[in-house]
Each structure stands twice: as C-alpha cells, then as structure tokens.
Amino acid sequence: MSCENFRELISLYIDGMLDEEEKTNFESHLKACIDCKEEFEEIKSMIDEIHNIPEKALPDDYHKELMLKLYKQKDENKFEKKSSKFNFMKYSTIAASFLLLFVIMASLSNMGSKSSYDNAAQKNELAKEFSGSYDGGEVYNSSFDMPGDFAADSYEKSDAYDGASPEESSASLEQSINVRSTENARSSEIGERKIIYNSFMTLEVELFDDTVKNIREMTENSSGYVENFSSNIYYSEPERDIYLKEGTIIIRIPVEKYGDISRKLEKLGHLISQHETTENVTEQYIETEGKIRMLEVEQDRLLEIMKKADKVEDLIKLEERLTQVRTDLEIYKSKIKNWDQLVAFSTFTINLREVKEIEPIKAPNPNFMTRIKSSFNKSINDVRETFEDFVIALSYNIIPFVIFILILVVGYIIIKPIIKIVFKKVIKKPIVKKIIDIIQKRREQI
Amino acid sequence: MDTTEEKILVNRVKKGSIAAFEELIIEHEGKIYNIAYRFFNNEEDAKDLSQEIFIKVFNKIHRFRGDSSFSTWLYRIAINTCIDELRKRKGKESFSIDEDIKTDEGTMAREFQDKDLSPEEIVINKEIASQIQWALNHLSESYKEVVILRDFQGFEYKQISEILGCSLGTVKSRISRARTELKNLLINEKHFDYKNRLKTRKEGKQ
C-alpha cells in the first residue's frame with residue numbers, strides 16, 4: 001500500500017468503513033511507516049477533540065418562541081391564501097365550471113321532486129276546500145302526505161345549521177372526519193378528545209302537550225336545560241274540536257347521558273327521521289390552548305421589558321403590543337370556554353308533530369246533484385292541474401333540452417367528416433370495383 | 001419514530017396542524033440549532049436561522065412527497081438554508097478569532113464546569129474548541145457541511161449521502177479530504193502551535 005493510498009483511507013479506517021482486507025493492509029502499513037503514523041495520529045486526535053466539544057444547549061425559551069412564530073406564520077399563510085390572485089383565478093374557473101354542471105344537474109333532478117311537491121300542496125288545498133262535503137278520509141291522507149316533505153325539509157335545515165355553526169366549521173368538519181382515524185390511534189397522547197354531539201329528530205306524537213311536558217321533565221331529571229321551544233297549531237277543525245300542534249324543542253343534555261336520553265326520546269312517539277352529527281374539535285382545541293400558552297409567555301416578557309424601559313416612546317409601543325396580546329388572549333380563552341360548553345352538553349333538536357286519527361263523517365243526506373257538481377269540478381281541476389304540470393315540466397325541461405340538442409349538433413358536426421373519411425376508406429374501394437365489374441359484365445352481355 | 005406514524009403526522013401538518021408539526025420536529029430542534037451554530041459560530045444567528053429553517057419546512061411541507069424520510073428532508077433544507085445564508089454574508093463580514101473567543105467565553109466556561117475538569121484543562125479545551133471552530137470557518141462549503149454532519153453531529157455516511165443527495169463514494173472522499181484540510185489548517189496556523197500541543201497531550205496520556 002502506497003503512502004498516498006494510505007492517507008486516503010485514514011478517515012474511513014477511523015469510522016470503521018473498511019472491509020477486512022483493506023483493514024489488515026492498512027494496519028500493516030500503519031506499523032511500517034512512521035510519517036503515515038504521525039498523520040494518522042494527528043487526524044485521529046483532532047476527531048477526538050471535536051467529539052469532546054460539547055453540544056450547545058438550546059436557549060431557554062427556544063421552543064416556545066419557535067411555536068409562537070409558527071402560529072403567526074400559519075395566520076399569515078391563511079391571509080395570503082385568501083388574497084392570492086393566482087388562487088382566485090384558478091379556483092374561480094373551477095368553481096364556475098362546477099356551477100354550470102350543478103345548474104344543469106339541479107334543473108334535471110329537481111323537475112320530478114318539485115312538481116310532485118306542487119302536487120302535494122295542491123292536493124292539500126283541494127282537500128281542504130272539499131273537506132266540508134267530501135268524506136274525511138281524504139283529509140286524513142293529505143295531512144299525512146305532509147310529514148314526508150316536512151322531514152326532507154328538516155334535513156335540509158339541519159344541514160344548513162351545520163354549515164353555519166362556529167367559524168371555520170366547514171374546514172373543521174372535513175378535518176375532523178379525516179383526522180378521526182388517526183386520532184383514535186393517538187388519543188392517549190393527545191389526552192381528552194373534544195367532540196361535540198348534535199342530534200336531530202322528527203317525531204309524530206298523539207298528545208303534543210303531554211310529550212312536551214315529558215321531555216321537559218326528562219331534561220330536568222338529567223340536569224340539562226331547555227334552550228329553545230316553539231309551537232303552533234297547523235291544522236284545526238273547530239266544529240269537531242280538533243287542534244293539531246307542531247313545534248320544535250331544543251334541549252341541552254350533559255354528554256354522559258347522551259345515549260340514555262336518545263333512547264328515551266325515540267320511544268316518545270313515531271320516529272320519522274333522525275340525524276346525528278359529531279364534530280371533533282380536539283385539534284383546534286389543542287392548538288388554541290397552545291396559542292394561549294405562547295401569548296402568556298409573550299405577555300410576561302412584555303411586562304418584564306416594560307419594567308426596564310424608561311423612554312415614553314418605548315412604553316407606548318409596549319403598551320400597544322400588550323393590549324393586542326391581551327385582546328388575543330381573551331378571544332382564544334372565550335373560544336376554549338365556548339368549546340368546553342359545547343363539548344360538555346350535547347344538543348338535541350326535536351321536531352314534534354301531533355297527529356290524530358280522524359273519524360270519517362258522513363255527509364248529511366248526500367244530494368245527487370251536488371255530488372255530480374263536485375265530481376265535475378274535481379275533473380275540471382284535475383285537467384287544469386295536469387295541464388299546469390305539463391307546462392311546468394316543459395319550462396323546466398327547456399334549458400337542458402336545448403343544451404342536449406346543442407351537444408348533439410356540435411357532436412354531429414365534428415363526427416360527420418370523420419365518418420365520411422372512414423366510409424370512403426373502407427367502403428369506396430370494393431364498391432367501385434364491384435360497380436366497374438357490373439358495368440363490364442353488362443357491356444359483355446350487350 | 002416509525003414511518004407510518006411519521007406519515008400520519010406529515011398529513012396532519014399538511015392540513016395545518018401545528019401540534020403535529022411540533023411532535024415531528026421536537027427531537028430535531030437541538031441538532032438543527034447546533035448545525036446552525038457551527039455554520040455561524042454565534043448563538044443569536046443560530047437561533048434565528050434554525051427557527052427560520054423550521055418555518056421554511058412548515059411552509060414547504062406540501063412539497064414533501066415522502067420519497068425520503070422526513071428527518072432527511074428536514075436536514076437537507078437546513079444545510080441548504082445555512083449555505084445560502086453563508087453565501088449572502090460572504091464579503092460582508094470577516095471572521096475574527098478574537099471576537100469568537102469573546103462571544104463564547106461566558107457560555108463555554110459554564111458548560112465545561114459540569115465535566116469536572118481542572119481550570120487549566122478548561123482553558124486548554126476552550127482554546128481547542130475555538131481553534132477548531134476557527135479552522136472550520138475557513139473550510140470551503142462542501143467540506144464544512146460534511147465535517148459538521150459527520151464529526152459534530154455524528155451522522156452515518158449513508159444518512160449524509162441522503163441528506164446531501166450525492167453518492168456514498170462522494171461522501172467518503174469528501175469527508176476524508178475535509179478532515180485532512182481541517183487538520184492542515186490547524187497545524188499550519190502559526191499562533192496555534194497545534195502540533196506541539198498534540199504531542200504534549202499524547203505524551204501526557206502515555
């Protein structure tokens with residue numbers, strides 16, 4: 001092994017990166033060559049000395065300061081994202097195309113449901129008109145038609161409520177869904193999970209006032225409270241003393257009793273619809289707590305600096321910053337308080353609707369003429385209704401239909417020349433040949 | 001930290017979770033700080049720059065595709081940021097050995113007290129440390145980064161090749177040359193008298 005070679009390997013030898021053969025060669029040269037040995041010793045002792053230099057310890061507030069900077073950065077990033085022109089352009093085009101698609105889809109899918117809804121409403125009106133002379137069965141049926149629509153309606157409302165609930169919730173909901181799986185695995189590290197429970201249900205009951213009383217008692221017994229209650233009479237028949245009520249009651253129940261109360265409520269009447277949502281705010285909760293800690297550190301530091309500051313100018317600046325920090329602290333603390341409240345008490349929104357079996361009443365002495373008259377009226381109304389439905393359906397259909405036609409026309413214009421070319425290539429040759437053959441044969445015959 | 005856990009954390013960071021980011025970086029804070037310290041030999045700069053590195057990493061996290069481990073990626077950004085900063089400063093500042101000693105005095109003495117060394121040894125050690133730092137400051141960029149990663153931070157050859165994005169062979173030869181260069185700087189600088197001290201130390205050991 002040459003000295004030059006040896007010196008290249010010193011470093012690797014020290015780090016134990018040589019294989020056995022190289023190692024024995026290296027060691028034999030090390031014993032033989034004094035100069036190389038000196039070089040080796042120098043490098044070896046230098047590395048040892050470097051290893052003896054202690055690591056620098058992190059400054060005391062390093063971590064807290066870094067986290068504070070990160071929180072600030074995150075806020076700035078949010079702002080930048082919102083005001084960024086590039087993003088706006090990009091997303092607006094995507095949004096516009098989706099909107100167009102959505103409008104087409106909506107107009108197509110709405111057509112059926114909307115017209116059927118119109119039907120139901122009309123039937124209801126008709127039924128009311130005729131309720132005097134007609135048998136009550138129809139009235140009963142029509143009053144039962146409604147809950148279906150009502151349930152759908154309440155679903156929509158509950159969705160809207162979700163969207164409008166605390167700020168950031170659209171993002172947080174999405175986040176909470178995606179994060180939940182990871183959260184499960186790591187719940188022990190994060191500590192207590194912060195989940196907000198919401199439940200919506202629609203019940204049909206026979207005795208409205210008794211049920212409301214029942215729910216109130218239940219709420220009090222489980223140390224919850226009624227947040228909101230409203231009711232109204234939606235159907236009345238004064239002559240038979242029938243007044244049917246509907247209403248909404250919102251109660252807040254301690255989260256431990258969520259399941260218990262949920263089960264009890266379901267038994268109160270006929271359950272038409274039920275809808276439960278949970279919102280996981282653990283992530284935001286921890287983050288907000290972190291921000292509070294950081295701000296408190298900053299506040300302490302500002303106070304310390306203020307003690308030392310003598311210039312009025314500096315004091316004013318410090319005071320300004322301190323006010324800002326304190327305001328932020330208050331905001332975050334109230335956020336935490338609000339979450340604590342929401343997490344501790346789950347919310348039940350219960351829609352109640354009173355229904356009654358209506359005894360059919362026979363029309364007194366049914367006159368033949370009046371019956372003919374009413375059925376004639378009914379048939380006129382039915383015809384009108386059908387015609388109206390047709391016109392409505394037509395008006396709904398017209399835009400998608402035009403678009404459909406346009407697409408067909410454009411498609412045809414594009415495809416037509418292609419088809420022509422293909423046809424020419426594939427078909428022309430044999431046909432021409434055949435025609436020529438036929439012509440030749442005829443000539444021969446002639 | 002195993003890779004699946006790391007992936008989960010990275011995904012949470014991409015969605016904006018700072019708590020997850022905290023968990024990802026907490027074990028690297030000390031090392032990044034020390035790397036920055038070796039590059040700039042100044043506590044204030046080390047703090048500012050290392051924090052800047054973490055913020056950079058946080059902002060760029062959506063570009064992290066998981067081709068390498070998160071820590072490799074983190075150290076790559078750290079090294080690149082340090083070198084960029086070094087280039088920016090080149091020409092604006094010159095390093096002076098006297099200044100280094102002044103700025104280091106207080107903290108150095110404190111740190112050595114823990115190790116139960118005699119006062120003379122403290123003085124000698126302090127000298128050695130600042131001399132090595134002086135020599136390190138005079139190494140070229142590519143040598144400096146490998147010496148810091150290998151000898152100061154104790155990274156393996158393979159890790160270094162991943163961080164710097166070059167082959168294992170390149171890393172081997174670079175470390176070898178960097179060390180020789182560092183040693184030559186120490187020996188050839190006249191007012192250090194490094195060579196004699198090496199000898200006396202060696203004799204002392206024997």
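The crossing of α3(B) and α4(B) is right-handed (left-handed if the near helix is turned anticlockwise from the far one by less than a right angle, right-handed if clockwise). Helices here are DSSP runs of H or I with at least four residues, numbered from the N terminus. The model is predicted: local features need pLDDT of at least 70 and side-chain atom pairs pLDDT 80 or more, while totals for chains, interfaces and linings use all residues. Residues are numbered from 1 along each chain as its sequence is written, and chains are lettered from A in the order in which they are written.

The two helices pack with their axes, lines fitted to C-alpha atoms over the stretch in contact, 8 Å apart and at an angle of about 130°. Contact means C-beta atoms, placed from the backbone, within 7 Å.

| Helix | Range | Residues in the contact |
|---|---|---|
| α3(B) | residues 29-40 | B:Ile32, B:Tyr33, B:Ala36, B:Tyr37, B:Phe40 |
| α4(B) | residues 43-60 | B:Glu43, B:Asp45, B:Ala46, B:Lys47, B:Leu49, B:Ser50, B:Ile53 |

B:Ala36 touches B:Ala46, B:Leu49, B:Ser50 and B:Cys82, leaving aside residues up to four places away in sequence. B:Ala36 is also among the residues with the most contacts inside the largest nonpolar core, which has 58 residues. Such a core joins buried Ala, Val, Leu, Ile, Met, Phe, Trp, Tyr and Cys residues through C-beta atoms within 7 Å; buried means 20 or more other C-beta atoms within 10 Å.

Between the chains, the contact takes 35 residues from chain A and 36 residues from chain B. On the chain A side, α4(A) gives the most, with 11 residues.

Note on methods:
A residue is buried if 20 or more other C-beta atoms lie within 10 Å of its own, exposed if 12 or fewer, and partly exposed in between; C-beta atoms are placed from the backbone. Two residues are in contact if their C-beta atoms, placed from the backbone, lie within 7 Å. Axes are lines fitted to C-alpha atoms, for helices over the stretch in contact, and angles run from 0 to 180 degrees between N-to-C directions. Helices (H or I, at least four residues) and strands (E, at least two) are DSSP runs, numbered from the N terminus.
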